[in-house]
Amino acid sequence: MTKHDWTKEEILEIYNKPLMELLYEAATVHRKYHDPNAVQVSTLLSIKTGGCPEDCGYCPQAARYHTDVEGNDLMSVQQVKAQALRAKSSGSSRVCMGAAWRNVKDGPEFDNVLEMVRTINKLDMEVCCTLGMLTENQAQRLAEAGLYAYNHNLDTSEEYYKEVISTRGFEDRLQTIDNVRKTNVTVCSGGIIGMGEEIEDRAGMLVALSTLNPQPESVPINALVAVDGTPMEEEKPVAIWDMIRMVATTRIVMPQTQVRLSAGRTQMSREGQAMCFFAGANSIFAGDKLLTTPNPDVNEDMEMFKLLGLNPMKPFTKKSQPKTVEASESELTSLGEKPKWTRPDHTIERNLAAQNK
Ligand code: SF4
(Lines give C-alpha, C1' and ligand atoms only; values in the text may rest on other atoms or scores of the structure.)
Protein backbone atom coordinates (compact mmCIF):
# COMPACT_ATOMS: atom_id res chain seq x y z
CA MET A 1 0.00 0.00 0.00
CA THR A 2 1.32 3.45 -0.84
CA LYS A 3 2.34 5.50 2.19
CA HIS A 4 0.76 8.93 2.30
CA ASP A 5 2.03 10.29 5.60
CA TRP A 6 5.70 10.92 4.87
CA THR A 7 7.35 13.44 7.16
CA LYS A 8 10.21 15.76 6.30
CA GLU A 9 12.47 13.89 8.76
CA GLU A 10 11.74 10.53 7.12
CA ILE A 11 12.40 11.92 3.67
CA LEU A 12 15.64 13.60 4.77
CA GLU A 13 16.80 10.33 6.24
CA ILE A 14 16.26 8.66 2.85
CA TYR A 15 17.88 11.52 0.88
CA ASN A 16 20.98 11.46 3.10
CA LYS A 17 21.57 7.70 3.08
CA PRO A 18 24.94 6.43 1.87
CA LEU A 19 24.62 6.67 -1.90
CA MET A 20 24.96 2.96 -2.68
CA GLU A 21 22.29 2.07 -0.15
CA LEU A 22 19.98 4.78 -1.49
CA LEU A 23 20.47 3.58 -5.07
CA TYR A 24 19.85 -0.03 -4.16
CA GLU A 25 16.66 0.79 -2.30
CA ALA A 26 15.36 3.08 -5.05
CA ALA A 27 16.18 0.56 -7.80
CA THR A 28 14.40 -2.16 -5.83
CA VAL A 29 11.26 -0.07 -5.51
CA HIS A 30 11.53 0.85 -9.18
CA ARG A 31 11.65 -2.80 -10.30
CA LYS A 32 8.67 -3.64 -8.18
CA TYR A 33 6.37 -1.17 -9.88
CA HIS A 34 7.94 -0.46 -13.27
CA ASP A 35 9.79 -2.03 -16.15
CA PRO A 36 13.36 -0.80 -15.45
CA ASN A 37 14.21 -0.84 -19.16
CA ALA A 38 11.27 1.25 -20.34
CA VAL A 39 11.52 5.04 -20.40
CA GLN A 40 8.78 7.29 -21.65
CA VAL A 41 9.82 9.89 -24.19
CA SER A 42 7.72 13.04 -24.06
CA THR A 43 7.87 16.17 -26.16
CA LEU A 44 7.30 19.57 -24.62
CA LEU A 45 5.87 22.12 -26.99
CA SER A 46 5.69 25.83 -26.20
CA ILE A 47 2.35 26.74 -27.79
CA LYS A 48 2.47 30.32 -26.47
CA THR A 49 5.84 31.73 -25.52
CA GLY A 50 6.91 34.68 -23.36
CA GLY A 51 5.14 37.76 -22.07
CA CYS A 52 3.98 36.07 -18.86
CA PRO A 53 2.81 38.43 -16.08
CA GLU A 54 4.13 36.13 -13.31
CA ASP A 55 7.55 36.57 -11.68
CA CYS A 56 8.89 33.01 -11.31
CA GLY A 57 12.57 33.69 -10.56
CA TYR A 58 13.83 30.87 -12.78
CA CYS A 59 11.75 31.61 -15.85
CA PRO A 60 12.97 33.49 -18.94
CA GLN A 61 9.36 33.79 -20.15
CA ALA A 62 8.37 36.28 -17.46
CA ALA A 63 7.70 39.60 -19.19
CA ARG A 64 9.49 41.58 -16.47
CA TYR A 65 12.92 39.96 -17.06
CA HIS A 66 15.19 40.95 -19.94
CA THR A 67 16.09 37.65 -21.56
CA ASP A 68 16.69 36.49 -25.13
CA VAL A 69 13.35 34.72 -25.32
CA GLU A 70 11.26 35.82 -28.30
CA GLY A 71 7.57 35.88 -27.51
CA ASN A 72 5.03 34.11 -29.72
CA ASP A 73 1.25 34.21 -29.85
CA LEU A 74 -0.72 31.02 -29.50
CA MET A 75 0.18 28.50 -32.21
CA SER A 76 -2.50 27.27 -34.59
CA VAL A 77 -4.06 23.83 -34.27
CA GLN A 78 -2.42 22.82 -37.57
CA GLN A 79 1.04 23.86 -36.36
CA VAL A 80 0.56 21.86 -33.18
CA LYS A 81 -0.64 18.82 -35.12
CA ALA A 82 2.43 18.97 -37.41
CA GLN A 83 4.76 19.17 -34.38
CA ALA A 84 2.96 16.32 -32.63
CA LEU A 85 3.29 14.11 -35.71
CA ARG A 86 6.99 14.89 -35.89
CA ALA A 87 7.37 14.06 -32.19
CA LYS A 88 5.51 10.78 -32.65
CA SER A 89 7.74 9.74 -35.55
CA SER A 90 10.80 10.40 -33.32
CA GLY A 91 9.51 8.02 -30.64
CA SER A 92 7.54 10.35 -28.34
CA SER A 93 4.40 8.92 -26.80
CA ARG A 94 3.34 12.09 -24.99
CA VAL A 95 3.01 15.70 -26.06
CA CYS A 96 2.93 18.34 -23.37
CA MET A 97 1.71 21.77 -24.49
CA GLY A 98 2.90 24.73 -22.43
CA ALA A 99 1.48 28.25 -22.55
CA ALA A 100 3.07 31.15 -20.66
CA TRP A 101 -0.14 32.21 -18.94
CA ARG A 102 -0.83 33.08 -15.30
CA ASN A 103 -4.14 31.27 -15.60
CA VAL A 104 -6.52 30.01 -18.24
CA LYS A 105 -9.13 32.47 -19.47
CA ASP A 106 -12.32 31.23 -21.08
CA GLY A 107 -12.59 32.43 -24.68
CA PRO A 108 -11.30 31.74 -28.19
CA GLU A 109 -7.73 30.92 -27.10
CA PHE A 110 -8.87 28.30 -24.62
CA ASP A 111 -11.27 26.93 -27.26
CA ASN A 112 -8.26 26.54 -29.56
CA VAL A 113 -6.32 24.70 -26.87
CA LEU A 114 -9.27 22.34 -26.42
CA GLU A 115 -9.18 21.69 -30.18
CA MET A 116 -5.43 20.98 -29.95
CA VAL A 117 -6.13 18.45 -27.20
CA ARG A 118 -8.79 16.72 -29.33
CA THR A 119 -6.43 16.70 -32.32
CA ILE A 120 -3.47 15.14 -30.49
CA ASN A 121 -5.76 12.66 -28.80
CA LYS A 122 -6.74 11.34 -32.23
CA LEU A 123 -3.04 10.67 -32.95
CA ASP A 124 -3.03 8.02 -30.20
CA MET A 125 -0.61 9.99 -28.05
CA GLU A 126 -0.95 11.01 -24.43
CA VAL A 127 -1.72 14.69 -24.33
CA CYS A 128 -0.73 16.91 -21.45
CA CYS A 129 -1.11 20.67 -20.89
CA THR A 130 0.56 23.19 -18.64
CA LEU A 131 -1.40 26.43 -18.88
CA GLY A 132 -1.21 27.96 -15.41
CA MET A 133 -4.01 28.09 -12.90
CA LEU A 134 -7.28 26.37 -13.78
CA THR A 135 -10.82 26.43 -12.41
CA GLU A 136 -12.70 23.21 -11.83
CA ASN A 137 -14.91 23.96 -14.83
CA GLN A 138 -11.90 24.50 -17.10
CA ALA A 139 -10.33 21.26 -15.87
CA GLN A 140 -13.57 19.50 -16.69
CA ARG A 141 -13.63 20.95 -20.21
CA LEU A 142 -10.05 19.76 -20.77
CA ALA A 143 -11.03 16.32 -19.50
CA GLU A 144 -13.96 16.19 -21.92
CA ALA A 145 -11.60 17.11 -24.77
CA GLY A 146 -9.52 14.04 -23.88
CA LEU A 147 -6.67 15.53 -21.87
CA TYR A 148 -4.58 12.78 -20.30
CA ALA A 149 -2.49 14.83 -17.86
CA TYR A 150 -2.25 18.36 -16.48
CA ASN A 151 1.12 19.69 -15.33
CA HIS A 152 1.25 22.17 -12.48
CA ASN A 153 4.56 22.11 -10.59
CA LEU A 154 4.86 22.93 -6.91
CA ASP A 155 8.43 24.02 -7.79
CA THR A 156 9.81 23.87 -4.22
CA SER A 157 8.77 23.68 -0.56
CA GLU A 158 5.96 25.82 0.82
CA GLU A 159 8.55 27.65 2.99
CA TYR A 160 10.88 28.52 0.09
CA TYR A 161 8.12 29.25 -2.43
CA LYS A 162 7.97 32.99 -1.64
CA GLU A 163 11.70 33.30 -2.40
CA VAL A 164 11.01 32.08 -5.92
CA ILE A 165 7.62 33.60 -6.83
CA SER A 166 5.70 36.49 -5.33
CA THR A 167 2.78 36.80 -7.74
CA ARG A 168 0.97 33.71 -6.46
CA GLY A 169 1.10 31.42 -3.45
CA PHE A 170 1.76 27.75 -2.78
CA GLU A 171 -1.91 27.36 -1.86
CA ASP A 172 -2.91 28.51 -5.37
CA ARG A 173 -0.85 25.66 -6.81
CA LEU A 174 -2.53 23.11 -4.56
CA GLN A 175 -5.94 24.48 -5.50
CA THR A 176 -5.35 23.94 -9.23
CA ILE A 177 -4.06 20.41 -8.56
CA ASP A 178 -7.21 19.80 -6.56
CA ASN A 179 -9.36 21.08 -9.42
CA VAL A 180 -7.62 18.69 -11.82
CA ARG A 181 -8.10 15.82 -9.35
CA LYS A 182 -11.85 16.28 -9.51
CA THR A 183 -11.72 15.11 -13.15
CA ASN A 184 -10.27 11.95 -14.71
CA VAL A 185 -7.18 13.86 -15.89
CA THR A 186 -3.96 12.57 -14.31
CA VAL A 187 -1.76 14.95 -12.29
CA CYS A 188 1.81 15.85 -13.22
CA SER A 189 3.53 17.96 -10.56
CA GLY A 190 7.14 18.27 -9.50
CA GLY A 191 9.78 20.89 -9.03
CA ILE A 192 13.20 22.36 -9.61
CA ILE A 193 16.38 21.91 -7.61
CA GLY A 194 19.33 24.30 -7.66
CA MET A 195 17.38 27.51 -6.97
CA GLY A 196 19.34 28.29 -3.80
CA GLU A 197 17.09 26.13 -1.64
CA GLU A 198 18.23 23.95 1.28
CA ILE A 199 18.00 20.17 1.19
CA GLU A 200 15.16 20.58 3.72
CA ASP A 201 13.22 22.43 1.01
CA ARG A 202 13.70 19.55 -1.42
CA ALA A 203 12.37 17.22 1.25
CA GLY A 204 9.54 19.68 1.98
CA MET A 205 8.47 19.63 -1.66
CA LEU A 206 8.46 15.84 -1.63
CA VAL A 207 6.35 15.88 1.55
CA ALA A 208 3.80 18.13 -0.19
CA LEU A 209 3.66 15.85 -3.25
CA SER A 210 3.79 12.47 -1.54
CA THR A 211 1.08 13.29 0.99
CA LEU A 212 -1.40 14.06 -1.77
CA ASN A 213 -3.84 11.21 -1.98
CA PRO A 214 -3.65 9.91 -4.62
CA GLN A 215 -0.05 10.86 -5.29
CA PRO A 216 0.64 12.57 -8.65
CA GLU A 217 0.85 10.07 -11.50
CA SER A 218 3.87 11.96 -12.78
CA VAL A 219 6.60 13.99 -11.00
CA PRO A 220 9.12 15.96 -13.07
CA ILE A 221 12.45 16.63 -11.35
CA ASN A 222 14.20 19.58 -12.97
CA ALA A 223 17.72 20.91 -12.44
CA LEU A 224 17.72 24.69 -12.74
CA VAL A 225 18.97 26.00 -16.06
CA ALA A 226 20.19 29.44 -14.99
CA VAL A 227 19.23 31.85 -17.76
CA ASP A 228 20.84 35.27 -18.20
CA GLY A 229 18.46 38.06 -17.32
CA THR A 230 16.51 36.09 -14.70
CA PRO A 231 17.03 36.64 -10.95
CA MET A 232 18.63 33.17 -10.78
CA GLU A 233 21.20 33.78 -13.51
CA GLU A 234 24.10 33.42 -11.02
CA GLU A 235 23.04 30.07 -9.55
CA LYS A 236 25.65 27.32 -9.88
CA PRO A 237 24.79 24.16 -11.84
CA VAL A 238 23.26 21.36 -9.78
CA ALA A 239 25.72 18.59 -8.88
CA ILE A 240 24.79 15.31 -10.53
CA TRP A 241 24.86 13.64 -7.10
CA ASP A 242 22.08 15.93 -5.91
CA MET A 243 20.01 15.04 -8.96
CA ILE A 244 20.56 11.30 -8.40
CA ARG A 245 19.64 11.63 -4.72
CA MET A 246 16.52 13.62 -5.58
CA VAL A 247 15.37 11.12 -8.21
CA ALA A 248 16.04 8.15 -5.91
CA THR A 249 14.20 9.75 -2.99
CA THR A 250 11.25 10.65 -5.20
CA ARG A 251 11.11 7.05 -6.46
CA ILE A 252 11.07 5.66 -2.91
CA VAL A 253 8.39 7.99 -1.52
CA MET A 254 6.20 7.86 -4.65
CA PRO A 255 6.74 4.31 -5.86
CA GLN A 256 4.04 4.18 -8.54
CA THR A 257 4.70 7.59 -10.06
CA GLN A 258 6.42 8.25 -13.37
CA VAL A 259 9.55 10.16 -12.33
CA ARG A 260 10.54 12.55 -15.10
CA LEU A 261 14.11 13.59 -15.65
CA SER A 262 13.35 17.03 -17.01
CA ALA A 263 15.27 20.30 -17.46
CA GLY A 264 19.03 20.35 -17.04
CA ARG A 265 19.92 17.17 -18.93
CA THR A 266 22.35 19.02 -21.21
CA GLN A 267 24.54 19.54 -18.13
CA MET A 268 24.52 15.83 -17.29
CA SER A 269 26.83 13.17 -18.67
CA ARG A 270 25.39 9.95 -20.03
CA GLU A 271 26.81 8.19 -16.99
CA GLY A 272 24.96 10.62 -14.74
CA GLN A 273 21.71 10.10 -16.61
CA ALA A 274 22.20 6.32 -16.49
CA MET A 275 22.45 6.54 -12.71
CA CYS A 276 19.24 8.58 -12.64
CA PHE A 277 17.48 5.84 -14.65
CA PHE A 278 18.88 3.24 -12.27
CA ALA A 279 17.60 5.35 -9.36
CA GLY A 280 14.08 5.29 -10.80
CA ALA A 281 13.68 7.97 -13.44
CA ASN A 282 11.49 6.57 -16.20
CA SER A 283 10.72 9.49 -18.44
CA ILE A 284 12.63 12.15 -20.33
CA PHE A 285 11.69 15.08 -22.50
CA ALA A 286 12.97 14.87 -26.03
CA GLY A 287 13.65 17.62 -28.55
CA ASP A 288 16.33 20.28 -28.74
CA LYS A 289 14.32 22.75 -26.59
CA LEU A 290 12.47 22.42 -23.31
CA LEU A 291 10.03 25.30 -23.77
CA THR A 292 12.84 27.84 -24.13
CA THR A 293 15.93 26.21 -22.58
CA PRO A 294 18.32 23.80 -24.38
CA ASN A 295 17.77 20.03 -24.29
CA PRO A 296 19.69 17.11 -25.84
CA ASP A 297 19.00 16.35 -29.48
CA VAL A 298 16.56 13.46 -30.02
CA ASN A 299 19.19 11.41 -31.94
CA GLU A 300 21.60 11.73 -29.02
CA ASP A 301 18.89 10.40 -26.74
CA MET A 302 18.16 7.46 -29.01
CA GLU A 303 21.90 6.64 -29.07
CA MET A 304 21.90 6.76 -25.27
CA PHE A 305 18.85 4.45 -25.16
CA LYS A 306 20.66 1.98 -27.43
CA LEU A 307 23.78 2.12 -25.30
CA LEU A 308 21.82 1.49 -22.11
CA GLY A 309 19.37 -1.03 -23.60
CA LEU A 310 16.40 1.19 -22.83
CA ASN A 311 13.16 1.13 -24.82
CA PRO A 312 10.81 4.05 -25.38
CA MET A 313 7.53 3.37 -23.57
CA LYS A 314 4.34 3.06 -25.58
CA PRO A 315 1.54 5.56 -24.88
CA PHE A 316 -1.05 4.72 -22.23
CA THR A 317 1.23 1.96 -20.92
CA LYS A 318 0.14 2.57 -17.42
CA LYS A 319 -1.42 4.78 -14.89
CA SER A 320 1.28 3.33 -12.65
CA GLN A 321 -0.31 0.06 -11.66
CA PRO A 322 1.99 -2.02 -9.49
CA LYS A 323 3.85 -4.77 -11.29
CA THR A 324 2.83 -7.82 -9.29
CA VAL A 325 3.81 -11.46 -9.22
CA GLU A 326 2.90 -13.84 -12.04
CA ALA A 327 1.07 -16.33 -9.81
CA SER A 328 -0.72 -16.02 -6.52
CA GLU A 329 0.40 -17.78 -3.38
CA SER A 330 -2.59 -20.12 -3.44
CA GLU A 331 -1.95 -21.01 -7.10
CA LEU A 332 1.64 -21.99 -6.34
CA THR A 333 0.72 -23.82 -3.18
CA SER A 334 -1.82 -25.85 -5.11
CA LEU A 335 1.01 -26.87 -7.47
CA GLY A 336 3.01 -28.07 -4.50
CA GLU A 337 5.54 -25.25 -4.90
CA LYS A 338 6.74 -22.84 -2.29
CA PRO A 339 6.07 -19.24 -3.29
CA LYS A 340 9.38 -17.60 -4.24
CA TRP A 341 8.23 -14.07 -4.86
CA THR A 342 8.29 -11.07 -2.61
CA ARG A 343 4.97 -9.51 -1.85
CA PRO A 344 4.51 -5.93 -3.01
CA ASP A 345 4.26 -4.55 0.54
CA HIS A 346 7.53 -6.03 1.72
CA THR A 347 9.78 -6.25 -1.31
CA ILE A 348 12.55 -4.01 -0.05
CA GLU A 349 12.73 -5.57 3.38
CA ARG A 350 12.71 -9.11 1.98
CA ASN A 351 15.31 -8.37 -0.63
CA LEU A 352 17.56 -6.80 1.95
CA ALA A 353 17.04 -9.79 4.25
CA ALA A 354 17.85 -12.17 1.38
CA GLN A 355 21.05 -10.24 0.69
CA ASN A 356 22.10 -10.53 4.31
CA LYS A 357 21.70 -14.30 4.46
S1 SF4 B 1 7.04 29.56 -15.09
FE2 SF4 B 1 5.08 29.79 -16.14
S3 SF4 B 1 3.91 31.13 -14.78
FE4 SF4 B 1 6.07 31.38 -14.19
S5 SF4 B 1 6.81 33.13 -15.39
FE6 SF4 B 1 7.27 31.27 -16.56
S7 SF4 B 1 5.55 31.03 -17.94
FE8 SF4 B 1 4.89 32.44 -16.34
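Let me start with a sorting rule: Ala, Val, Leu, Ile, Met, Phe, Trp, Tyr, Cys and Pro count as nonpolar, Asp, Glu, Lys and Arg as charged, and the others, Gly among them, as polar. With that rule, the shell around our ligand divides into five nonpolar residues, two polar and one charged. Its members are C52, E54, C56, C59, Q61, A62, A100 and G132; a residue is near a molecule if its C-beta atom, placed from the backbone, lies within 6 Å of it.

Two housekeeping notes, everyone. This is a predicted model, where local features need pLDDT of at least 70 and side-chain atom pairs count only at pLDDT 80 or more, while totals for chains, interfaces and linings use all residues. Residues are numbered from 1 along each chain as its sequence is written.

Now the overview. The protein has 13 helices and 12 strands, taken as DSSP runs (H or I, at least four residues, for helices; E, at least two, for strands) and numbered from the N terminus. Of its 357 residues, 46% count as buried, meaning that 20 or more other C-beta atoms, placed from the backbone, lie within 10 Å of a residue's own.

Let's visit helix α5, residues 136-145. Which of its residues are buried? They are Q138, A139, R141, L142 and A145. Seen down the helix axis, these buried residues fall within an arc of 160 degrees, so they line one face of α5; the arc is that of the directions from the axis to the C-beta atoms. Remember that an α-helix has 3.6 residues a turn, so residues three or four places apart point the same way. The cover over the buried residues of α5 includes α4 (108-121), β3 (126-130), β4 (149-151) and α7 (170-181). After α5 comes G146, with a positive phi near 105 degrees.

Next, strand β7, residues 218-223. Six of its six residues are buried, so β7 is largely enclosed by the rest of the structure. S218, P220 and N222 point one way, and V219, I221 and A223 the other.

And who are the neighbours of β7? Strand β6 (residues 191-193) pairs with β7 in the parallel sense over three bridges; pairing takes at least two bridges found by DSSP. I193 stands opposite A223. Strand β8 (residues 258-261) also runs parallel to β7, joined by four bridges, and R260 in β8 is the bridge partner of P220. From β7 the chain crosses through helix α9 (residues 240-253) to β8, a right-handed β-α-β crossover: with the strands pointing away from the viewer, the path from the first strand over the helix to the second runs clockwise.

Technical notes: Buried ≥ 20, exposed ≤ 12 C-beta atoms within 10 Å, placed from the backbone. Contact = placed C-beta atoms within 7 Å.
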